[in-house]
Amino acid sequence: MTHFSLAAAVTGDGDHWPKMIAQLRMRAATLASDFRVAAAPYAELPQSMFDADFVPSAELNVELFFRYAAAGVEPSEQDTGPLVERAVRLVRDGMPLDEVLTNYRVGVSFFWAQLMPALSADDHPFVPELGLRLTTYAGLVMSRIAIALVEDARQPRWDLLEQNEIAAALLAGRDPGEWARELEDPLADAFLVAAVRQGEITPGRLTDLRYRIGKVPGAFLHRDSGGWTALIPLDDNADPVGALTSRLGLRADQPHPGFWIGVAPAATHAAIPAAYAEARIVADTARCLDRPDVACRRQDMMFEYAISTTGAALPNLAAALEPLDEHPLLIRTLDEYIANQFNHNAMARALYIHRNTVTYRLSRIADLTGYDPQDPAGISTLMAARVARRLLSKSFRP
């Protein structure tokens, strides 16, 4: 281990450095624990960092770095073991090595950029020393990750190679060939394709989910651009979705876990690519609309699914509500009108207004948008526009 004198030599003030470190440590810990996917400043982070469930490792990095900054003693290999193991696991699961290391660098830059404005003028003389220690710490961790990955690459891991190659081939509609023929258990003929997309997820839940799916006999995991997808053998169970949620420990009486699983059955290998496309759209649509059910099927959200597959027309559809942007009362009226199933009396009670006021507001909506909410065609368009707006506001990724 390396020891060195504290940075008090920068100013000669022996008390200032530990106080500054303690304050920054508290701010950094709060920044790591309070992340929100679509909120500032976290929205600027790469999506792959959220997909990889980075919060637990970020919290450990904060703890180790500020302990190192305060005491001047490098963290041991045992201390950084969870960080190294996570990086190795991500590469094994299909994340490119350059993306793993880039995300680490981006994470360090993110925390530095967020913490620097919190420094006072009295702290500024310590910034070079703080930057040096951060560079030293990051270099230490990344070198240990690189060494572990090199050692891991030298080990024969045919089981992981088979898993990745078979999953990638099936999802792309290719014959897995020799990879499948070398499996101990026969490759299933039919699969339930389950695409996972995350929202405001509790740290560690995504890792636990992937572990549980990976323990399903005959299942394959595949990392894609928006999250994770599993191929789960489809048996004769009349309710494969219910069986899946039960196996994964997803109970309706528990708080929503913050992720959504879009599912689609594939009766044959040839049907897997289409089911894969469907499952991804279902999962991301459910995420954007914050649906209460965790496992979602196209059949349960046909209207929303139809809107999410409109492609380039989605922004045009959402624009139908732009005339109401300066009239929040009319937007709320439309929301309540739909929520109360177009019942004027129920809507009037919900808004504590007279029924005639309901009629007037609906007429105003028709005048401004050109779509009459009291007409079937008009309300259908307005409902579709609402869905399109919610999808776009949550960065829908078809």
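A nonpolar core is understood here as a set of buried Ala, Val, Leu, Ile, Met, Phe, Trp, Tyr and Cys residues joined through side-chain atoms within 4.5 Å. In this predicted model, the largest such core comprises 42 residues, and those with the most contacts inside it are F65, F66, F111 and Y137. Two or more residues are contributed to this core by each of the elements α1 (16-33), α3 (55-71), α4 (77-92), α5 (97-115) and α6 (127-154). A second, separate core, of 21 residues, includes L192, I213, I261 and V263. Among the residues named for the largest core, F66 touches I21, L24, R25, A28 and L115, residues up to four places away in sequence not being counted.

Elsewhere in the chain, the axes of helix α14 (residues 328-339) and α16 come within 10 Å and cross at roughly 110°, an angle that falls between 65 and 115 degrees and therefore makes α14 roughly perpendicular to α16. The crossing of these two helices, α14 and α16, is left-handed. On the α14 side the contact is made by L329, L330, T333, L334 and Y337, and on the α16 side by R361, L362, R364, I365 and L368.

Helix α16 spans residues 355-369 and contains T369, which has a relative accessibility of 13% and therefore counts as buried, the cut-off being under 20%. The side chain of T369 reaches the backbone oxygen of I365 at 2.8 Å and the backbone nitrogen of Y371 at 3.1 Å. Residues up to four places away in sequence aside, T369 touches A320, P323, L324 and L382.

How values were computed: Residues are numbered from 1 along each chain as its sequence is written. This is a predicted model: local features need pLDDT of at least 70, side-chain atom pairs count only at pLDDT 80 or more; totals for chains, interfaces and linings use all residues. Side-chain values use heavy atoms; hydrogens and water are left out. Helices (H or I, at least four residues) and strands (E, at least two) are DSSP runs, numbered from the N terminus. Buried means under 20% relative accessible area, exposed over 50%, partly exposed in between (1.4 Å probe, protein chains only). A polar contact is a pair of N or O atoms within 3.5 Å; within protein, one must be able to donate a hydrogen and the other to accept it, and residues adjacent in sequence count only if both atoms are side-chain atoms. Contact means heavy atoms within 4.5 Å. Axes are lines fitted to C-alpha atoms, for helices over the stretch in contact, and angles run from 0 to 180 degrees between N-to-C directions. Angles under 35 degrees count as roughly parallel, over 145 as roughly antiparallel, 65 to 115 as roughly perpendicular and the rest as oblique. A crossing is left-handed if the near helix is turned anticlockwise from the far one by less than a right angle, and right-handed if clockwise.
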